[in-house]
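Here's a quick tour of the model you have open. Keep the 3D view handy and follow along by topic.

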Amino acid sequence: MKNIVFLLIILACAFALNYTSFFGNLWLVATENGYEIPKDSSIFTFKATKMNEGSGGWWVYGEDNKKYYALSVDPINKIICIDKGKSRKIKNFDRFEYKTWK
């Protein structure tokens, strides 16, 4: 019985690590100044897809099941988003270039 419980715990952790960004988001929110989850998303579904290349530990681009997110430079540090369905209708859409999201 003890081995089954241990196996279930291992499987649950493996599932959580592979299919959610919860633990990574939780760690970064707790340890990095300025790391935030977009209000339209959640700590369970948001996934950072491109991190800041400098010394700070914040995301520049991210996504969840429904939207793409970007941390814009102009205006400074404003989170912008676009529905994934709408993005498929934009001819030159690039999820890593928020200026193409119009």
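In the hairpin of E3 and E4, with 5 residues between the strands, Asn77 takes a positive phi near 55 degrees. Bear in mind that this is a predicted model, where local features need pLDDT of at least 70, side-chain atom pairs count only at pLDDT 80 or more, and totals for chains, interfaces and linings use all residues. Residues are numbered from 1 along each chain as its sequence is written, and side-chain values use heavy atoms, with hydrogens and water left out.

**Confidence**
- The chain has a mean pLDDT (the predictor's confidence in each residue, from 0 to 100) of 86, and 94% of its residues reach 70 or more.
- Helix H1 (residues 2-19) has the lowest confidence, with a mean of 73, while helix H3 (residues 84-87) has the highest, at 96.
- Helices here are DSSP runs of H or I with at least four residues, strands are runs of E with at least two, and both are numbered from the N terminus.

**The sheet**
- Four strands make an open sheet in the order E1-E2-E3-E4, with antiparallel pairing; two strands count as paired if DSSP finds at least two bridges between them.
- E1 (47-51) and E4 are at the edges with a single partner strand each, so one side of each has no neighbour in the sheet.
- On average, neighbouring strands of this sheet are turned by 25 degrees against each other, direction ignored (axes are lines fitted to C-alpha atoms, and angles run from 0 to 180 degrees between N-to-C directions).
- E1 pairs with E2 (residues 59-63) over 4 bridges, antiparallel, and Met51 sits opposite Trp59 in E2.
- E3 (residues 67-72) and E4 (residues 78-83) run antiparallel and are joined by 6 bridges, with Ala70 opposite Ile80 in E4.

**Salt bridges**
- The whole structure has 3 salt bridges, each meaning a side-chain nitrogen of Lys or Arg within 4 Å of a carboxyl oxygen of Asp or Glu.
- Lys67 forms a salt bridge with Asp40, and their closest N and O atoms are 3.0 Å apart.
- That pair links distant parts of the chain, 27 residues apart: Lys67 is in strand E3, and Asp40 is in the loop between helix H2 (22-31) and E1.

**The largest pocket**
- What lines the largest pocket? Look for Asn33, Gly34, Tyr35, Glu36, Trp58, Trp59, Leu71 and Asn77.
- A pocket is an open set of points on a 1 Å grid where a 1.4 Å probe fits, with protein on both sides within 12 Å along at least five of seven lines, and lining residues have an atom within 4 Å of a point.
- The volume of the largest pocket is about 150 Å³, taken as the space filled by probe spheres set on the points.
- Its lining divides into 4 nonpolar, 3 polar and 1 charged residues, with Gly counted as polar and Trp and Tyr as nonpolar.
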